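Subject: Structure handover

Hello,

Here is the structure I promised to pass on. Please open it alongside this message; my notes follow below.

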Amino acid sequence: MKVKDENKLRTSDFPSLIIASFVSVIVNYGGTFILIFQAAKVAGLSPELTSSWVWAVSLGTGVTGLWLSIRYKAPIITAWSTPGAAFLITALAEVSYAEAIGAYIISGAAFLLLGVSGMFDRVIKLIPQGIAAGLLAGILFPFGINAFKEITIDPILVCLLFSSFIVLKRFTSRYTILGVLVIGLSYLLLSDKITFSALEWSLSKPIFTSPVFSMNALLSVALPLFIVTLTGQYMPGMLVLKNDGYNISANPILTVTGLGSMLFAVFGSSPFNIAAITAAIATGKDTHENPKKRYIAGITCGILYSLVGIFGVTFVALFMAFPSSFIAMLAGLALLGTIAGSISNAMAEVKTREIALITFLVSAANINMFGIGGAFWGLVAGLLAYLVIHGKLNFKKRGANLGWKN
């Protein structure tokens, strides 16, 4: 009698995995990529240099995410730093483009060294489970809230997507987001709220820029970029993977993305990193009930990012043509399962329930002080509350129990 291999990929597995990847990419480009265009405008970049930036950051994230997903058989999705891109909008006004390239290389080198040293894993192992879950829930919670806020802007579209979601959820969990995506796109096309007729297809051309290293760029660009990316992307990104059952070390991810950032920096790419919000769309159980098959979503994201890089601003213009209400609602619905799971895990242990709630509330409030976002301050508040209430972190026990693997 043959034993059925539950981990063997079948044709029926691919639709939900590919659609989750597609939604993740749409949300990323349609939601946050505008920050890169704004930063390029502040820096006074020509259309050619802007196109090179799009090529470099898209291809860089695509190649690194593709390789990591294949290597570790997990949905490891890489992307540009959203808080980093927001920071560059103001930072690039103070330095030359060549100095910015030098700062990108230094920042990438710092992540490379952090990965090789293994220090990141040692730090993240000390975070109690309740605080980690509360932090992740707080980071994702605004996306759920913002989805329904859009009803004041486009009530018909939001109600249509929400109704489609709850009806489809009754019959199928795996294909719910696929159905919502198809229904939403059909509505947008039939109502003429989106059109692709004006798009012109063209290949991107990378442009090499010699870096210039300066103390000003090191202190005003490289160092802040390193800090906001580490706290705003790497930490929540690793928590997303851990929350969905992937006990993968951060060391190889930091090493690969750091090295990739250095290589693509000379073509204009700002540092890239593990994805957090958009990764959660593709790593949860709604993507596939078997976590050992979800790495296909990571591979698909890598391929899609690479294709966007090749066609550059054409694909970006395509994604950014979607209405903001469509992007927000799609992201919110796709993240509902992850938000629910994170809140449940945060409240599971009675001993740390209030501390997890503090972490959640501070993170969800998205406090920004000294140029550092809410994820960092939520973690600080949670750890401080834990130390004061319980006296200390149990270093030895916690480090032994989390079981991160290389």
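**Cavities**

The second largest cavity holds about 30 Å³ of space. Keep in mind that this is a predicted model. The structure has 2 cavities of 30 Å³ or more.

Which residues line the second largest cavity? They are Ala-43, Leu-45, Trp-53, Leu-92, Tyr-97, Ala-100, Tyr-104 and Gly-268. By class, 7 are nonpolar, 1 is polar and none is charged. Helix α5 (residues 97–117) is the largest contributor to this lining, with 3 residues.

**α5 against α11**

Helix α5 also packs against helix α11 (residues 250–265). Their axes come within 7 Å and cross at roughly 160 degrees. Angles over 145 degrees count as roughly antiparallel, and α5 and α11 are therefore roughly antiparallel to each other. The crossing is left-handed.

The contact can be traced residue by residue. From α5 come Ile-101, Tyr-104, Ile-105, Gly-108, Ala-109, Phe-111, Leu-112, Leu-114, Gly-115 and Val-116. They meet Asn-251, Leu-254, Thr-255, Gly-258, Leu-259, Ser-261, Met-262 and Ala-265 in α11. The split by class is 12 nonpolar, 6 polar and no charged. Note Tyr-104: this residue lines the second largest cavity, and it is part of the contact with α11.

**α7 and its two partners**

Take α10 first. The axes of helix α7 (residues 129–149) and helix α10 (residues 215–243) come within 10 Å. They cross at roughly 110 degrees. Angles of 65 to 115 degrees count as roughly perpendicular, so α7 is roughly perpendicular to α10. α7 passes α10 in a left-handed crossing.

On the α7 side, the contact uses Gln-129, Ala-132, Leu-135, Leu-136 and Ile-139. On the α10 side, it uses Pro-236, Leu-239, Val-240, Lys-242 and Asn-243. These residues divide into 7 nonpolar, 2 polar and 1 charged.

Now α16. How far apart are the axes of α7 and α16, and at what angle do they pack? The axes are 8 Å apart, and the angle is about 150 degrees. This crossing is left-handed too. α7 supplies Gln-129, Gly-130, Ala-133, Gly-134, Leu-136, Ala-137, Leu-140, Phe-141 and Gly-144. α16 supplies Thr-338, Ile-339, Ser-342, Ile-343, Asn-345 and Ala-346. By class, there are 8 nonpolar, 7 polar and no charged residues.

Two α7 residues are worth a look on screen. Gln-129 and Leu-136 touch α10, and Gln-129 and Leu-136 are also in the contact with α16.

Several elements give two or more residues to the lining: α1 (14–32), α8 (155–171), α9 (176–190), α12 (277–283), α15 (324–334) and α16 (336–348). Which element gives the most? That is α16, with 4 residues. By class, the lining has 10 nonpolar, 10 polar and 5 charged residues.

Best wishes

Technical notes
Residues numbered from 1 in each chain as written. Predicted model: local features only at pLDDT ≥ 70, side-chain atom pairs only at ≥ 80, totals over all residues. Heavy atoms only, no water. Nonpolar A, V, L, I, M, F, W, Y, C, P; charged D, E, K, R; others polar. Axes fitted to C-alpha atoms, helices over the stretch in contact; angles between N-to-C directions. Parallel < 35°, antiparallel > 145°, perpendicular 65-115°, else oblique. Left-handed = near helix turned anticlockwise from the far one by under 90°. Contact = heavy atoms within 4.5 Å. 1 Å grid on protein atoms, 1.4 Å probe; cavity = no way out; pocket = protein on both sides within 12 Å on 5 of 7 lines; lining within 4 Å. Points joined across faces, edges and corners; volume = space filled by probe spheres on them.
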